[in-house]
Amino acid sequence: MKHIYRYPFSISMLHWLLAVALIGNLIIGWMLDDNEDLLALHKSIGIVVLGLALVRVLNRLRMRNLLPPSTNAAGTPAYLAEKVVHYSLYVLMLAIPLLGWLKTNAAGHVASCFGLFSLPTLVSKSHELSHWLGQLHSLTAYGLAVLVGLHLLGALAHRLLKSENILPRILPLPTRVLQHRRVARDRD
Ligand code: HEM
Ligand code: HEM
């Protein structure tokens with residue numbers, strides 16, 4: 001039987017592309033109060049994130065039989081925590097840009113991506129709706145930051161408590177490099 005010990009290349013690539021875009025847009029979002037000129041850039045990156053997140057979820061479904069098994073034993077609290085955090089991250093990477101899009105429409109604007117195209121207008125202008133969607137957008141963005149923190153703590157806990165380095169599982173390196181590293185480690 002083929003031993004699957006790391007994520008397929010497409011999953012790893014999308015993981016890191018989205019990690020950079022999401023964390024970057026979180027930071028830009030928190031800078032908006034002091035620099036409104038960043039709003040068009042923030043919306044454009046967010047629309048790219050929404051597209052990439054959709055591709056990521058579809059690709060994850062396509063690859064579901066080629067994933068490495070969890071390093072946590074099924075049914076343990078660590079296994080449950082891992083699943084809850086991962087699924088919540090998937091939900092938020094779709095929900096946050098969607099809420100931003102709706103908030104923009106409710107404020108009476110179209111959501112444009114780098115001036116190249118605009119998303120369809122889904123809700124009509126409403127001051128109250130715009131306020132609540134803005135609040136939800138902000139709240140879910142804070143939720144994302146907390147979950148990313150927990151996600152990092154999880155990886156760190158594997159390293160410190162179990163002496164397991166799980167990072168190579170999600171690195172988009174050619175298999176050759178990882179196999180070489182494995183052989184070297186087994187020799188030591
Ligand atoms: C916004 C930032 C991030 C998001 C949204 C995110 C999301 C995810 C998701 C959803 C998975 C599960 C993949 C699956 O099974 O479908 C995953 C796996 C993983 N992520 Fe992240 N991630 C982020 C940042 C990071 C960072 C900065 C690290 C660095 C330590 C990291 C390390 C990992 C590792 C090691 C795995 C594989 C876990 C395993 O062994 O199964 N992630 N990530
Ligand atoms: C995908 C990743 C996204 C992240 C992580 C994100 C995050 C944030 C954050 C942290 C803020 C500041 C909230 C605050 O300080 O209370 C913000 C504000 C905002 N975002 Fe996003 N956002 C994303 C996508 C989008 C998209 C796609 C749009 C619209 C097309 C958008 C439109 C807005 C608007 C209009 C504001 C100002 C909200 C207000 O003044 O109430 N965002 N975003």
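How many helices and strands does the secondary structure of the chain come to? The chain has five helices and two strands, where helices (H or I, at least four residues) and strands (E, at least two) are DSSP runs numbered from the N terminus. Along the sequence these elements follow the pattern α-α-α-β-β-α-α. The model is predicted, and local features need pLDDT of at least 70, side-chain atom pairs count only at pLDDT 80 or more, and totals for chains, interfaces and linings use all residues. Residues are numbered from 1 along each chain as its sequence is written, while chains are lettered from A and ligands numbered from 1 in the order in which they are written.

Of the 188 residues in the chain, 15% are buried. A residue is buried if 20 or more other C-beta atoms lie within 10 Å of its own, exposed if 12 or fewer, and partly exposed in between, with C-beta atoms placed from the backbone. Two residues are in contact if their C-beta atoms, placed from the backbone, lie within 7 Å. Among contacts between residues at least 6 apart in sequence, 69% join residues at least 24 apart.

Two packed helices are described by the angle between their axes and the distance between the axes. The axes of helix H1 (residues 9-31) and helix H2 (residues 39-62) come within 10 Å and cross at roughly 155°. H1 is therefore roughly antiparallel to H2. Axes are lines fitted to C-alpha atoms, for helices over the stretch in contact, and angles run from 0 to 180 degrees between N-to-C directions; angles under 35 degrees count as roughly parallel, over 145 as roughly antiparallel, 65 to 115 as roughly perpendicular and the rest as oblique. The crossing of H1 and H2 is left-handed, a term used if the near helix is turned anticlockwise from the far one by less than a right angle, and right-handed if clockwise. Residues making the contact include Leu14, Leu18 and Ile28 of H1 and Ile45, Val49 and Leu52 of H2. By class, the residues of this contact comprise 14 nonpolar, seven polar and two charged. Ala, Val, Leu, Ile, Met, Phe, Trp, Tyr, Cys and Pro count as nonpolar, Asp, Glu, Lys and Arg as charged, and the others, Gly among them, as polar.

Leu38 lies in the loop between H1 and H2 and is partly exposed, with 14 other C-beta atoms within 10 Å. Leaving aside neighbours within four places in sequence, Leu38 is in contact with Ile28, Met31 and Leu32. Leu38 and Ile28 are 10 residues apart in sequence and 7.1 Å apart in space, C-alpha to C-alpha.

Around ligand 1 there are 21 residues, of which Ala19, Leu22, His86, Ile166 and Ile170 come nearest; a residue is near a molecule or strand if its C-beta atom, placed from the backbone, lies within 6 Å of it. H1 gives the most to this shell, with five residues. The shell has 14 nonpolar, five polar and two charged residues.

Phe114, in the loop between strand E1 (112-113) and strand E2 (117-118), has a phi near 50°, a positive value in a residue other than glycine. Phe114 is exposed, with 12 other C-beta atoms within 10 Å.
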